[in-house]
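Here is a friendly walk through one protein model, written for someone who likes to know the cut-offs behind each term. Please have a look at the structure first.

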Amino acid sequence: MTTFNIGIIGGGIGGLSLAQNLKKNGIDTNVTVFERDPSPTFRNQGYRVTIHPSGETHLRACLPDALYEKFRANSYRWDSFRMMDKYERLLVDPPAEAILSRSVDRAMLRSILCSGLDNVQYGKEFLAYHETENEVEVRFVDGSTERFDLIIAADGSQSRIRGQKLPEYAELADTGYFDIASKLPWSERTQQLAKELGATAHVEVLTHTGEALVIIPQFYDGVDEDPADGYLYWGYIVACNKFNQMTGGAREGQALKGIAMKLSESYSPLLREMISSTPAEEMTLLHFLTSVKPNAVPTSRVVMMGDAIHSMPPMAGMGANTAIRDANELATRFKAVFDGKMGLFEAIEDYHKVMLDYGFAAVDLSNSNLKKAVVGHPILKRIELFVLRTLHQVAPSVMDNVIAGNLGKEG
Ligand SMILES: Cc1cc2nc3c(=O)[nH]c(=O)nc-3n(C[C@H](O)[C@H](O)[C@H](O)COP(=O)(O)OP(=O)(O)OC[C@H]3O[C@@H](n4cnc5c(N)ncnc54)[C@H](O)[C@@H]3O)c2cc1C
């Protein structure tokens, strides 16, 4: 049996999935997770996450049965993925049975992933590492140091480890798009509005003017959840240039609401109501950035995973799914090393190679979905919307099946 000390830097979705998987496979004795947040509930974890069937398979492999059951009991299956135009005319509407993805609250997912782990240290912000032939020394912001046989970069999209290991890829690339991410709090009217829009799970509103609106109702009806926590999420995707011209650079809630109202002037009354009734303080600007694929990740004692290596705009709901897959792929190889069936560096090299392929297939899919939604000449876009609408009317199953088949697809 080969044993080794592993330091996982970052206690997010990927890092915790890995820690769970190593524990499940009985190789947790020398594993420690270092998370910069002072506690798992320190900050708002953000909007709900979609876990596709393939991601769920990897999540199940990472979790003990009881925690997987908790995930199932506190997540729900999507039952629609509609595309419509700004007048609410349907473009794509696959049948519910074709959609198998699930939605889970981020804080719930993190609490499930933390459960039963006594090897997570909070308030430990990684600063830098020093690698030698035999070990990696890690320095933390609090001045402390630790030594490991290997470390895992699970420190998210702004990864400091990536900056050190792959300096030419330190900065993420700009997609050229912002997302005005907004929360319309639950009320009887909000629920009615969602119902009238047909927004039971996910609606994309496509336009010919280079913007797209994504609407996702967020229900909280899991066994440990409070339905009153629900809200209607909508995100308005706008080109950075256009946004900056219109706001002169202002980014506070009122400016975001002003832009969304201005851009949606010709939209249906229901869509307008959704935007106008959202409080400005519930609007945040997200900048869509993307990783650029390195030719290879050099094999060493520093291993890359999750957003630290393949960050992507959330246009395919694949980032977390891919981070969970990384955790399972990595743990499977560590198990082989632990059982003496594979050399450590052979396992790391093989993992990085495979991960770059499927990880960047997910990055490409996300960027391609973004482009499909917002890029194109206005006249061609008008034609495209007309064709989609007509196709949906005369042969609905054609595009519906294409879209359903692409949900959560990996490379
Ligand atoms: C609006 C939005 C919606 C999304 N929706 C989906 C979706 O529906 N489905 C999906 O699959 N993906 C989705 N994603 C993407 C998904 O959130 C990420 O891909 C996923 O969280 C990546 O997991 P990770 O573990 O690599 O990084 P993270 O989950 O970001 O975790 C990184 C962790 O590292 C910690 N950390 C950072 N720096 C340090 C440091 N120096 N020292 C110690 N700790 C550190 C952070 O505090 C954090 O806890 C969405 C993203 C956004 C922005």
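What follows covers a pocket, a surface patch and some salt bridges.

This is a predicted model, in which local features need pLDDT of at least 70 and side-chain atom pairs count only at pLDDT 80 or more, while totals for chains, interfaces and linings use all residues. Residues are numbered from 1 along each chain as its sequence is written, and side-chain values use heavy atoms, with hydrogens and water left out.

Let us start with the second largest pocket, which has a volume of about 150 Å³. (A pocket is an open set of points on a 1 Å grid over the protein atoms alone, where a 1.4 Å probe fits, with protein on both sides within 12 Å along at least five of seven lines; lining residues have an atom within 4 Å of a point.) Helix H12 gives the largest share of its lining, four residues. By class, the lining has four nonpolar, two polar and five charged residues; among them are Asp85, Phe386 and Arg389.

Phenylalanine 386 lies in helix H12, residues 378-394 (helices are DSSP runs of at least four residues, strands of at least two). Phe386 also belongs to a nonpolar surface patch with Ile379, Leu380, Ile383 and Val387, and together they have about 500 Å² of accessible area. (Patch residues have over 30% relative accessible area and no salt bridge, and nonpolar side chains are joined within 5 Å; the areas come from the Shrake-Rupley method with a 1.4 Å probe.) With 49% relative accessibility, phenylalanine 386 counts as partly exposed, a class between buried (under 20%) and exposed (over 50%).

Now to the salt bridges, of which the structure holds 21. (The term means a side-chain nitrogen of Lys or Arg within 4 Å of a carboxyl oxygen of Asp or Glu.) Three of them are listed here.

| Pair | Closest N and O atoms |
|---|---|
| Asp85 and Arg389 | 3.7 Å |
| Glu135 and Arg147 | 2.4 Å |

Aspartate 85 is buried, at 3% relative accessible area, and arginine 389 counts as buried at 17%.

Elsewhere, glutamate 265 is exposed at 51%, whereas lysine 262 counts as partly exposed at 47%.

Methods: Patch = residues over 30% accessible without salt bridge, like charges linked within 9 Å, V, L, I, M, F, W, Y side chains within 5 Å. Buried < 20%, exposed > 50% of the residue type's maximum accessible area, 1.4 Å probe, protein only. Points joined across faces, edges and corners; volume = space filled by probe spheres on them. Nonpolar A, V, L, I, M, F, W, Y, C, P; charged D, E, K, R; others polar.
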